Amino acid sequence: MKLYTHPGASSLSVHILLRETGLPFELEVVNVSAKTRADGSDYRGVAPRGMVPLLELDDGTSLTENMVIAQYICDRAGRHDLMPEAGTMARYRVMEWQSFVAAELHKGYIPLRWALSPEAMAFARDRLFKRLAIADAALDGRRYLTGETFTAADAYLFVIAGWAYYFEFEVAGLPRIERFLAVVNQRPAVQAAMAAEGKGLVVIPSP
């Protein structure tokens, strides 16, 4: 398999899962802003949408979309700790959090890249902070989103919540998120993935 990723983008969560599972893979870091590959060629020749992540499979076909690739990787590796078995409530809980991170957090950062008025920017930041606070509350009394076991949802939350540092959110107002980020940051797979990609948007302070 081959993973196409951009430093610090949401594709980092898929990269983390590949390293957590130990599945063999190649890595190519691309520039999604310029739509260029490492050799300077047009990334859209591989990924018509020009987006990451993209996972090229052994048979030459490919998968896109973070949540789909995450499930494929965990299922292929048989890692039911990262993605519980199909048909179980535990799996639906992990998928529930993946959906929340995708819809309420990931996309919530998009307006922060626009040239908004001060009032609109304040509204966007406040809305996103409130969504982050929901995840913060869910971490009360538990190490990870669904309990004491690290899952694919946690890999995704780590990357997206970690963007808060880049956008200068007051993460100290989200103490459980802050603790979560510090804990996940120490995982060997996370450290290896970030080292391979470069920091990008995710800059987690050392504990």
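The model is predicted, so local features need pLDDT of at least 70 and side-chain atom pairs count only at pLDDT 80 or more, while totals for chains, interfaces and linings use all residues. Residues are numbered from 1 along each chain as its sequence is written, and side-chain values use heavy atoms, with hydrogens and water left out.

Start with the sheet. Helices (H or I, at least four residues) and strands (E, at least two) are DSSP runs, numbered from the N terminus. Here 4 strands form an open sheet in the order β2-β1-β3-β4, with mixed pairing. Two strands pair if DSSP finds at least two bridges between them. The edge strands are β2 (26–29) and β4 (62–64), and each pairs on one side only. Neighbouring strands of this sheet are turned by 20 degrees against each other on average, direction ignored.

Now look at the pairs. β1 and β2 run parallel and are joined by 4 bridges. Lys2 has Glu26 in β2 as its bridge partner. Strand β3 (residues 54–56) and β4 run antiparallel, with 3 bridges between them. Leu55 stands opposite Leu63 in β4.

Which residues cover the two sides of β1? Lys2 and Tyr4 lie on one side, Leu3 and Thr5 on the other, and all are buried. Buried means under 20% relative accessible area, exposed means over 50%, and partly exposed is in between (1.4 Å probe, protein chains only). In a regular strand the side chains alternate between the two faces of the sheet.

α1 lies across β1 (2–5), β2 and β3, and runs at about 150 degrees to β1. α2 lies across β3 and β4, at about 125 degrees to β4. Axes are lines fitted to C-alpha atoms, for helices over the stretch in contact, and angles run from 0 to 180 degrees between N-to-C directions. Contact means heavy atoms within 4.5 Å.

Helix α4 (residues 118–138) and helix α6 (residues 175–185) meet at an angle of about 75 degrees, with their axes 7 Å apart. That makes α4 roughly perpendicular to α6. Angles under 35 degrees count as roughly parallel, over 145 as roughly antiparallel, 65 to 115 as roughly perpendicular and the rest as oblique. On the α4 side, Leu132, Ala135, Asp136 and Ala137 take part, and they meet Pro175, Arg176 and Ile177 in α6. By class, this contact of α4 with α6 has 5 nonpolar, no polar and 2 charged residues. Ala, Val, Leu, Ile, Met, Phe, Trp, Tyr, Cys and Pro count as nonpolar, Asp, Glu, Lys and Arg as charged, and the others, Gly among them, as polar.

Then turn to the cores. A nonpolar core is a set of buried Ala, Val, Leu, Ile, Met, Phe, Trp, Tyr and Cys residues joined through side-chain atoms within 4.5 Å. In soluble globular proteins, nonpolar side chains tend to be buried together. The largest core has 55 residues, and those with the most contacts inside it are Ile16, Tyr109, Leu157 and Phe158. Its largest share, 11 residues, comes from α5. A second, separate core of 8 residues includes Ala9, Val30, Val32 and Ala47.

Some single residues are worth a stop. Gln98 is found in helix α3 (residues 89–106). Is Gln98 buried or exposed? Gln98 is buried, because its relative accessible area is 1%. Leaving out residues up to four places away in sequence, Gln98 touches Met67, Ala70, Gln71, Met83, Ala152, Ala153 and Tyr156.

Ala86 sits in the loop between α2 and α3. Ala86 has 63% relative accessibility, so it counts as exposed. Thr149 is in the loop between α4 and α5. At 41% relative accessibility, Thr149 counts as partly exposed.

Finally, check the backbone. Most residues other than glycine have a negative phi, and most peptide bonds are trans. The peptide bond from Val52 to Pro53 is cis, with omega near 5 degrees. Pro53 lies in the loop between β2 and β3. Lys35 is in the loop between β2 and β3. Lys35 is not a glycine, yet has a positive phi of about 60 degrees. Glu65, in the loop between β4 and α2, is not a glycine either and has a positive phi of about 80 degrees.
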